[in-house]
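Visitor: I have a model open and want to learn how to read it. Where do we begin?

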Amino acid sequence: MKDIMPNNGQFAMPELPYEALGEVISKETLSFHHGKHLKAYVDNLNKMLPGSGLENLPLGEVVCKAEGGLFNNAGQVLNHAMYFEQFANSPKPMGDRMKALLERDFGSVEAFKKEFEQKGATLFGSGWVWLSAGKDGKLVVTQQKNAENPVTMGLCPLLTFDVWEHAYYLDYQNRRADYLAALWQIVDWQVVESRL
């Protein structure tokens, strides 16, 4: 996995390159989700790092080695950084390489999206749905609870949809499935493919 956030003993709050994402994610949701939830995770992580022995490790390694509250905050920082980075108002379309991989491992792009949405919609409680690559290159869809990330299972995370209520409730209320279906409109596949 590529280092998504530089670590100089402290992690900086990732910037958002947009204020809203069309009609898919509102400015109000982003204000709470990025400006309050993610900020709290970054602040907590930075408070917990000193003396942990993990101060200068890349974020993915911190997630793999941390436990307890440090793991929860590091995991949420990594997950949210990947989530916000993969969206754009003018997203790049899926390239031939990603299309071929999805067709190879899921039968079709549509079958992949159906499985991805289904796993996101049926995850009980809070968490994430992920598309990841295994060490053998095979693509898999997984559900991860709370702050978990596929990197802890030896997978390379490529794409994630956040299914914590704070990610969608202001815009979609209890319609998690509608939120998941809408997100495809703003996925920047160039960013996803760069994670391979």
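**Reading the fold and its aromatic cluster**

Guide: Begin with contacts along the chain. Of the contacts in the protein with a separation of 6 or more, 69% are between residues 24 or more positions apart. Keep in mind that this is a predicted model.

Visitor: How many helices and strands does the secondary structure come to?

Guide: Eight helices and three strands. Along the sequence the pattern reads α-α-α-α-α-β-β-β-α-α-α.

Visitor: What does the radius of gyration say about the protein?

Guide: Set the value against the globule rule. A compact globule of 196 residues would have a radius of gyration near 16 Å, and the protein has 16 Å, so the two agree. The C-alpha atoms fill a box of roughly 50 × 40 × 30 Å along the principal axes.

Visitor: What share of the residues is buried?

Guide: Buried residues make up 50% of the 196. The protein exposes about 9,300 Å², and carbon and sulfur atoms supply 51% of that area.

Visitor: Which residues is N73 in contact with, leaving aside neighbours within four places in sequence?

Guide: A40, Y41, N44, L45 and M48. With N44 there is also a polar contact between side chains, at 3.4 Å.

Visitor: Now the rings. How is a pair of aromatic rings described?

Guide: By two values: the distance of the centres and the angle of the planes. This structure holds 14 aromatic pairs. Take Y83 and F84 as one case: their ring centres are 5.2 Å apart and their planes stand at 70°.

Visitor: Why is the pair of Y83 and F84 called edge-to-face?

Guide: Planes over 60 degrees apart count as edge-to-face. The planes of Y83 and F84 are at 70°, so the pair falls in that class. Y83 also pairs with F87, again edge-to-face, at 4.9 Å centre to centre and 85° between the planes.

Visitor: Are Y83, F84 and F87 buried or exposed?

Guide: Y83 is buried, with a relative accessible area of 1%. F84 is buried at 4%. F87 is buried at 3%.

Visitor: Which residues form the aromatic cluster?

Guide: Y83, F84 and F87 belong to one cluster with F106, F112, F116, W128, W130, F161, W184 and W189.

Definitions and conventions:
Residues numbered from 1 in each chain as written. Predicted model: local features only at pLDDT ≥ 70, side-chain atom pairs only at ≥ 80, totals over all residues. Heavy atoms only, no water. Polar contact = N/O pair within 3.5 Å; in protein donor to acceptor, adjacent residues only side chain to side chain. Contact = heavy atoms within 4.5 Å. Phe/Tyr/Trp six-rings, centres within 6.5 Å; stacked < 30°, edge-to-face > 60°. Buried < 20%, exposed > 50% of the residue type's maximum accessible area, 1.4 Å probe, protein only. Helix = DSSP H or I, 4+ residues; strand = E, 2+ residues; numbered from the N terminus. Rg over C-alpha atoms; globule rule 2.2 N^0.38 Å. Areas by Shrake-Rupley, 256 points an atom, 1.4 Å probe, with all protein chains shown as cover.
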